[in-house]
Amino acid sequence: MRSLIPDYLAEALADVEADVSGEPAGYIPELAAADPDRLGAVFATLDGTIYGAGDIDTEFTIQSISKPFAYALALADRGFDAVLAKVGVEPSGEAFNEISLEDETGRPRNPMINAGAITTHSLVGSPDLDPARRVTRVVEGLSAFAGRPLSVDEAVCASEMEEAWRNLAIANMLRSHRILTEDPRAVVDGYVRQCSVLVTARDLGIMAATLANRGVNPLSGEQVVAEPVVRQVLSVMATCGMYDAAGDWATQVGIPAKSGVAGGLIGALPGQLGIATFSPRLDVHGNSVRGVSLFERFSSDAGMHVM
Ligand code: DON
């Protein structure tokens with residue numbers, strides 16, 4: 001088994017390597033410069049064993065894959081009622097950067113689209129926490145999910161902030177509806193820092209395995225968040241994790257998942273496995289082209305379809 005799985009993963013990577021469609025994210029200058037041909041895949045089992053092939057120790061920014069984990073931290077820190085009062089759980093079927101606020105309340109539809117994720121970021125920690133300490137809490141929380149100390153890529157963060165007009169517009173809308181109660185720029189700055197945390201495919205595999213393992217990190221043994229929080233996070237990943245491709249994903253892959261525009265993709269099979277892939281070429285939805293192909297193959301080969 002120890003050599004069979006890496007061999008299987010290497011074969012799967014070799015099969016998708018020929019697909020050179022898609023480009024790295026263009027709207028963040030630092031990401032546009034990424035090597036488009038990096039490719040890696042990890043299976044992380046719940047006893048802490050990591051099976052991997054390809055570029056599994058190359059660092060890249062976590063981007064939107066931070067969203068389910070920040071949602072977990074917000075739920076743990078503020079409780080379900082406080083978070084649900086500000087962010088819904090309905091799939092929007094829209095692009096990740098859609099404004100997408102409910103008509104009357106201005107409540108974002110779910111925590112995976114940017115409007116919901118910016119709000120979720122503001123809900124991490126206690127209500128009076130200053131923005132810098134909130135970022136520290138987020139980075140430490142992501143690190144607990146990964147089982148090692150993570151850090152922020154300052155160059156990617158600065159590059160995204162220079163072009164963050166749309167997220168600033170979303171945050172201003174949220175502020176006008178009193179969904180945000182702080183300076184919108186400070187919240188977007190914190191959210192972009194959260195997205196700029198550096199991870200590897202290995203880290204993402206362990207983070208996904210922590211979700212699959214009811215919130216217990218398989219490497220450190222730490223219960224990072226309580227089981228009901230993990231259940232909520234997995235449900236939202238299942239319905240909203242792939243944005244406007246969520247329906248295709250549910251039918252073709254059927255694994256609770258989350259993508260990021262730096263090319264990462266995670267899937268969590270409850271009680272079984274954490275899966276992560278890395279390939280920066282993106283499709284029109286902002287999801288990794290080769291990552292989606294790999295997950296389709298894993299799901300079909302191993303009968304992983306659970307949704
Ligand atoms: O909000 C943004 O634009 C990014 N920092 C994160 C977007 C992202 O990863 C979308 N997912 N595929």
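Valine 42 sits opposite glycine 52 of strand E2. Keep in mind that this is a predicted model.

Now the whole sheet. It is open, has 5 strands in the order E2-E1-E7-E6-E5, and its pairing is antiparallel. At the edges are E2, residues 50-54, and E5, each of which pairs on one side only. From one strand to the next, the twist averages 10°.

Two helices to look at. Helix H1, residues 4-16, packs on the sheet and touches E1 and E2, with its direction at about 30° to that of E2. H10 lies across E1, E2, E6 and strand E7, residues 273-278, and runs at about 150° to E7.

Next, alanine 208. Setting aside residues up to four places away in sequence, Ala208 touches Ala44, Ile266, Gly267, Ala268, Gly274, Ile275 and Ala276. Ala208 is also among the residues with the most contacts inside the largest nonpolar core, as are Val42, Ala72, Ile118, Val233, Ile266 and Ala276; that core has 99 residues.

The C-alpha centres of domain 1 and domain 2 are 21 Å apart, and 38 residues of domain 1 contact 31 residues of domain 2. On the domain 1 side, elements giving two or more residues include helix H10 (201-212) and helix H11 (227-240). H11 gives the largest share, 8 residues. By type, the domain 1 side divides into 22 nonpolar, 11 polar and 5 charged residues.

Notes:
Residues numbered from 1 in each chain as written. Predicted model: local features only at pLDDT ≥ 70, side-chain atom pairs only at ≥ 80, totals over all residues. Domains from an automatic or database assignment. Contact = placed C-beta atoms within 7 Å. Helix = DSSP H or I, 4+ residues; strand = E, 2+ residues; numbered from the N terminus. Nonpolar A, V, L, I, M, F, W, Y, C, P; charged D, E, K, R; others polar. Core = buried A, V, L, I, M, F, W, Y, C linked by C-beta atoms within 7 Å. Buried ≥ 20, exposed ≤ 12 C-beta atoms within 10 Å, placed from the backbone. Pairing = 2+ DSSP bridges. Axes fitted to C-alpha atoms, helices over the stretch in contact; angles between N-to-C directions.
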